[in-house]
Amino acid sequence: MSVMEDNVASSLPEGSLFPAEESMESQGQSDPRGAFLEWAMQHSRALREDPDIDMDDADLRFSSVLPMRRVRSMSVAIVGAGGLGNFQWKALLGMGFRRVSVFDDDVVNVENIGSQGHSEHNLGLPKVEAIRQEALLYRGVDIPVFRKRVYSLAEIDDALGYTPDIVITCTDSAEFREKFFKSFTSTLGTSVRLLNGVIRADRLPLLWLDYRMSLGDWVCYALPLRSMTGSESVRRISANFLNAYRDEAIFSESEAVHDSCTAKGIIYVGFNVASYTGAYLDWFINTFEPALEEAPYETLKNYLEGNMDQEPKMAFSARDFKYIHGTRTENILRRELAEARKKAAELEEVLEARLKADLEHAEQAAAQAAEQRSAEEEQEEQETARPDDRHTWYAPSVSWGDLQVGDMVLFPALGEDMCTVKELHMDMGYVVVRFEGDAVDVRVNSMYGSDIQLFGRGGNGVFTA
C-alpha cells in the first residue's frame, strides 16, 4: 500500500459519507464541515508527498498544448461567482492555472443550485467560500477568495497585493462595468478621447475578458489591455477601439436591460462560456503573445480590427449553439432602436412641414403687415401734409391747372361742405377731378377753365358751378 493509500484508508470510517464526521463527533467537535476540510487538506498534502504519485501528471495531457510553466505562473482574478463565474475557476484549475482568485458578495441560495452549478451542501455559504472549498477538493488548491463587491482595478490590486495578469468579469452589474471601464482607462493613461498621460503598463492586466449573458446567449469582449500601451500609434488605435467599445458595451444602470434571472440562468451557458475561456486563453498564450512580441503594433492592429483567428468580440448562442451577430437582447435593442429612429424621422418630417408652414404664414403676415403699415404711412403723410401744400378753392374761382390732390374745393351749388380732391387726370382736353366721399366728379375745360361740369356720383345730373 502506498503512503497515499495508507493515509486515505486510515481517515475513512466505513459507511461515512463525510470521512471525518464520525471521528469528529467522537472527539466532541461541532464543526463537521471544518473537520472535513481539514481532512481534505491533509489528504491533498498526502497525495503530494506520495513518492508513487506525481500530481503534475494531472495536467500531463495539456503539456503538449499549453506551456505549463507559463500557465502556472499567470494570475487570474474572477469577478462574480454566479451563472458564469462559478464555471470559470474550475476550467482554469483544470487547465493548470493555480493563481486563481474570486470576488463576489453574494451567498448560495436554493435557486443557484440548478442554474449556477453550486452544490446543495453549500446553501447559505458565501459563494466565494463555497468555491474555495470546492477548489480545495478539486485540485487541492486553497485559492484566495474575497466576499466583497469591487468596482475598479485598484480595489482588486489592493485585495490581492498585486495586479493580476488576467481579469475575467462575470457580472450583470452595469454599474460595475461602467466604473471598471473608467478605472482601467484612467490607469491606461489613455483616457477616452485623449492620448496624453503617463503610461504604466505594469498597472494593467495582460487581458480582460468581459462576459455578459442574456436569454441563453452570451457575449465576450476580450481586451489585451497591457499591449494597448506604448507608442503613440498604439495608443491611438487603442483609444479608437476603446471609444467604440464604450459606445457599444458601456452604459449606466438606468440604461441597462434588466432580464429576469430565470431568463439568464441556464446552466449550460456557464459551461459553454468556460469552454470559450479555455480556448481563448490557449490562443492568447500560444499565438497572440508570440506574435505581439515580434510585431507589437501590427499584431494589435490586426486583432482590434478583427483580422486574426480570435476577435475582440465573440457572440454565441448557447441555446442554438451557433455564432451570432448579436445576442437576443442586443437584437431586441437594435429593433427598438430602429423603431425609435423611424418614429423620430417621421416626427422630424412632421415638425419640418409644420415649421415650413409656420414660416410661410409668418412671412405672409409680415408682408401684409408691411403693406398695411405702408398704406397707413402714406395716408398719414397725405393727412399731415404741410398747410402751404394744400389749398382751399371756391368755385368757380378755381385755378384748375394748379389744383393738387388734397386741395379743398367749395361748390356753392352743393352747399357749405368742402370737397377734398382725391384724383386728377386729363381726359380729351378736360381736367377730370374726383373728390373723396360721395361728393362729385368735375370736368373742366383745361384751356379756358370754364364749362365746368359737376357730376353727382349718385346720378344727380349736371350742376353749374
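F284 and F288 both belong to helix 12 (residues 267-294), where they are four residues apart, about one turn of the helix. An α-helix has 3.6 residues a turn, so residues three or four places apart point the same way. The model is a predicted one, and the contacts described below are computed from it.

**Aromatic contacts**

- The model contains 18 aromatic pairs. One of the pairs is that of F284 and F288, which is stacked, with 5.3 Å centre to centre and 25° between the planes.
- The pair counts as stacked because the angle between its planes, 25°, falls under the 30 degrees set for that class.
- F284 is buried, at 2% relative accessibility, and F288 is buried as well, with a relative accessible area of 1%.
- F284 and F288 are members of one aromatic cluster, which is formed by Y211, W218, Y276, Y280, W283, F284, F288, Y303 and F316.

**Charges over rings**

- R99 lies over the face of Y162, at 5.0 Å from the ring centre.
- K179 is placed over the face of Y151, at 4.7 Å from the ring centre.

**Helix 8 and the residue after it**

- Which residues of helix 8 (residues 153-160) are buried? L153, I156, D157 and L160 are buried there.
- These residues are on the same side of helix 8, because they cover an arc of only 100° around the axis.
- G161 follows helix 8 and has a positive phi, near 90°.

**Salt bridges**

- Side chains of opposite charge can pair when their charged atoms come close. In this model there are 14 salt bridges.
- Within helix 7 (residues 127-139), E129 and R132 are three residues apart, and therefore separated by about one helical turn. Their side chains meet in a salt bridge (2.9 Å, N to O).
- D165 forms a salt bridge with R226, and the closest N and O atoms are 3.9 Å apart. D165 lies in the loop between helix 8 and strand 4 (166-169), while R226 lies in the loop between strand 6 (217-223) and helix 10 (232-249), so the pair ties together parts that are 61 residues apart in sequence.
- Is D165 buried or exposed? At 13% relative accessibility, D165 counts as buried, whereas R226 counts as partly exposed at 24%.
- E305 and K301 also pair through their side chains in a salt bridge (3.0 Å, N to O). Both partners count as partly exposed: E305 has 46% relative accessibility and K301 has 28%.

**Nonpolar surface patch**

- L347, V350 and L351 make a nonpolar surface patch of about 260 Å².
- V350 is located in helix 14 (residues 328-383).
- With a relative accessible area of 40%, V350 is partly exposed.

Notes:
Residues are numbered from 1 along each chain as its sequence is written. This is a predicted model: local features need pLDDT of at least 70, side-chain atom pairs count only at pLDDT 80 or more; totals for chains, interfaces and linings use all residues. Side-chain values use heavy atoms; hydrogens and water are left out. Patches are made of residues with over 30% relative accessible area and no salt bridge: like charges are joined within 9 Å, nonpolar side chains (Val, Leu, Ile, Met, Phe, Trp, Tyr) within 5 Å. Accessible areas come from the Shrake-Rupley method with a 1.4 Å probe; for residues, only the protein chains shown count as cover. A salt bridge is a side-chain nitrogen of Lys or Arg within 4 Å of a carboxyl oxygen of Asp or Glu. Helices (H or I, at least four residues) and strands (E, at least two) are DSSP runs, numbered from the N terminus. Buried means under 20% relative accessible area, exposed over 50%, partly exposed in between (1.4 Å probe, protein chains only). Rings of Phe, Tyr and Trp (its six-membered ring) pair if their centres lie within 6.5 Å; planes under 30 degrees apart count as stacked, over 60 as edge-to-face and the rest as tilted. A charge sits over a ring if NZ of Lys or CZ of Arg is within 6 Å of the ring centre and within 35 degrees of the ring normal. The arc is that of the directions from the helix axis to the C-beta atoms.
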